[in-house]
Amino acid sequence: MNGTDFAGAPGIIGGSSNDVELSPDEKRGLRRAVAGIVSRTESYLPDGYVVGSELTYGSDGPEATVA
């Protein structure tokens, strides 16, 4: 399997998750949902803590990280 790309959506061999493109509405919805998670997380932490987020494409499609 070395050198062969078998990543992709379940049931699809070949290609990668980068082939899956979110619509502008889906991107806005994902960003809004992640912003809500960031806001709620910050509300539980003492002043001085910073919470950030990142949206990326992982091996299974779009992924959001909050840290």
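**Briefing: predicted model of an α-β-β protein chain**

The mean pLDDT of the protein chain is 79, with 72% of its residues at 70 or more. The model is predicted. One helix and two strands make up the elements of the protein chain, and their order along the sequence is α-β-β.

**Confidence by region**
- Helix H1, which spans residues 24-44, has the highest mean pLDDT among the elements of the protein chain, at 94.
- Strand S1, covering residues 53-58, has the lowest mean pLDDT among these elements, at 88.
- Over residues 1-8, pLDDT stays under 50. For this segment the model has 14 contacts beyond four places in sequence.

**Burial and contacts**
- The protein chain has 67 residues, of which 12% are buried.
- Of the contacts in the protein chain with a separation of 6 or more, 34% are between residues 24 or more positions apart.

**Surface**
- A nonpolar patch on the surface is formed by Tyr 44, Leu 45 and Tyr 49. Together, these residues have about 400 Å² of accessible area.
- Tyr 44, one of the patch residues, is found in helix H1.
- The relative accessible area of Tyr 44 is 72%, so Tyr 44 counts as exposed, the cut-off being over 50%.

Key
Residues are numbered from 1 along each chain as its sequence is written. This is a predicted model: local features need pLDDT of at least 70, side-chain atom pairs count only at pLDDT 80 or more; totals for chains, interfaces and linings use all residues. Side-chain values use heavy atoms; hydrogens and water are left out. pLDDT is the predictor's confidence in each residue, from 0 to 100. Helices (H or I, at least four residues) and strands (E, at least two) are DSSP runs, numbered from the N terminus. Contact means heavy atoms within 4.5 Å. Buried means under 20% relative accessible area, exposed over 50%, partly exposed in between (1.4 Å probe, protein chains only). Patches are made of residues with over 30% relative accessible area and no salt bridge: like charges are joined within 9 Å, nonpolar side chains (Val, Leu, Ile, Met, Phe, Trp, Tyr) within 5 Å. Accessible areas come from the Shrake-Rupley method with a 1.4 Å probe; for residues, only the protein chains shown count as cover. A salt bridge is a side-chain nitrogen of Lys or Arg within 4 Å of a carboxyl oxygen of Asp or Glu.
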